[in-house]
Structures are given as structure tokens and as C-alpha cells.
Amino acid sequence: MLLNAHSQRLATRNNSAVALLTRAPTVSRVPRCRVQQPAQRVQAVKKVPSTEAAILLESGLRYLDVRAPEEYADGHAVGAINIPFMVKSAEGQLVPNPDFLQQVQAAFPDRAEEIIVGCRSGNRSARAASLLEQEQYSSLVDDAGGWLGWVEARLPTTK
């Protein structure tokens with residue numbers, strides 16, 4: 001009888017183990033989390049002196065001059081494209097150009113194109129480059145010296 005009771009216990013244990021192994025696994029329902037792709041990192045605006053901006057211009061980059069048309073007409077880097085960041089209001093004060101982004105997008109449709117941005121002293125170009133960076137322009141170079149640095153370095157100009 002002792003052997004019989006022991007055999008029954010083993011059989012019960014084995015059947016339980018077999019039942020556990022053959023039973024379909026229970027899957028707990030865990031809410032799915034969406035894995036977000038990292039946002040495409042936009043390169044920070046690179047600030048360079050006018051002498052380096054001139055070398056980049058010579059190597060094929062395009063120059064976006066964000067000064068007022070009157071300033072641009074007085075002289076600019078050779079080949080520069082003028083799209084003013086600020087324009088004169090009817091009262092004669094400088095105000096943000098409401099068409100700036102639209103005009104830049106028309107002149108520079110490839111947002112990955114390397115663009116040199118310059119102004120008179122580096123203030124407007126830094127602000128314009130920051131705005132363009134927010135609009136996903138990813139390869140911007142700020143001529144930190146601006147037109148004043150360009151003239152001081154005696155770099156090529158035209159009117």
C-alpha cells in the first residue's frame with residue numbers, strides 16, 4: 001500500500017507537470033507603447049568670421065544677405081542673394097519682414113543646402129539663422145562679422 005500511495009503521488013505530480021507544460025501559456029495583456037523615432041536632429045548654426053565665410057562662398061556655398069535693400073545696394077558679397085529679415089514700415093521703422101520665410105523657401109528650396117547668412121554686424125543674421133533653423137534648414141553658417149567684418153577684411157564686394 002505504501003508503494004501504491006507513493007506511485008499515486010508521483011503520478012499526480014507528473015500529470016500536473018505535464019498539464020502545466022502542455023497548457024497554452026497565458027499572456028498578460030500589457031498596453032503597447034509606441035516607440036517614437038528620435039526627431040531628426042537639426043545641426044546648430046555654425047558661426048564663422050567673415051574670412052571663413054568668404055572661403056565657403058568661394059567653394060560654392062550661397063550667401064543669403066538679410067540686410068535691408070538700401071544696405072544691400074550700397075555693397076554686398078559677390079553673388080549674395082538679398083532677402084531682408086527686416087523691412088521699413090510706412091513710418092520708417094524697421095519691422096520684421098512678413099514674407100521672409102516664403103522668400104527664403106523660394107530662393108532656397110533645399111533645406112539641407114549649406115547657406116551662409118550675413119547682415120551688417122551679425123545680429124540680424126543670427127536671428128534669421130535661428131528662425132531658419134526652426135524651419136528645418138539644417139546647414140546654416142552665420143557670417144558673424146557681417147558686412148562690417150567683410151569690408152574690414154577687404155574681401156571681394158560688388159554693388
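Helices α4 and α5 lie roughly perpendicular to each other (a term for angles of 65 to 115 degrees). Their packing angle is about 75 degrees, and their axes are 11 Å apart. The model is a predicted one, in which local features need pLDDT of at least 70 and side-chain atom pairs count only at pLDDT 80 or more, whereas totals for chains, interfaces and linings use all residues. Residues are numbered from 1 along each chain as its sequence is written, and side-chain values use heavy atoms, with hydrogens and water left out.

**The α4 and α5 packing**
- Helix α4 covers residues 100-107 and helix α5 residues 123-134.
- F100, L101 and V104 of α4 make the contact (heavy atoms within 4.5 Å) with A128, L131 and L132 of α5.

- Leaving aside neighbours within four places in sequence, L64 is in contact with residues including I81, I83, V104, F108 and L132.

**The chain overall**
- The protein chain holds six helices (DSSP runs of H or I, at least four residues) and nine strands (E, at least two).
- Of its 159 residues, 32% count as buried, which means under 20% relative accessible area with a 1.4 Å probe, protein chains only.

Note on methods. Axes are lines fitted to C-alpha atoms, for helices over the stretch in contact, and angles run from 0 to 180 degrees between N-to-C directions. Angles under 35 degrees count as roughly parallel, over 145 as roughly antiparallel, 65 to 115 as roughly perpendicular and the rest as oblique. Buried means under 20% relative accessible area, exposed over 50%, partly exposed in between (1.4 Å probe, protein chains only).
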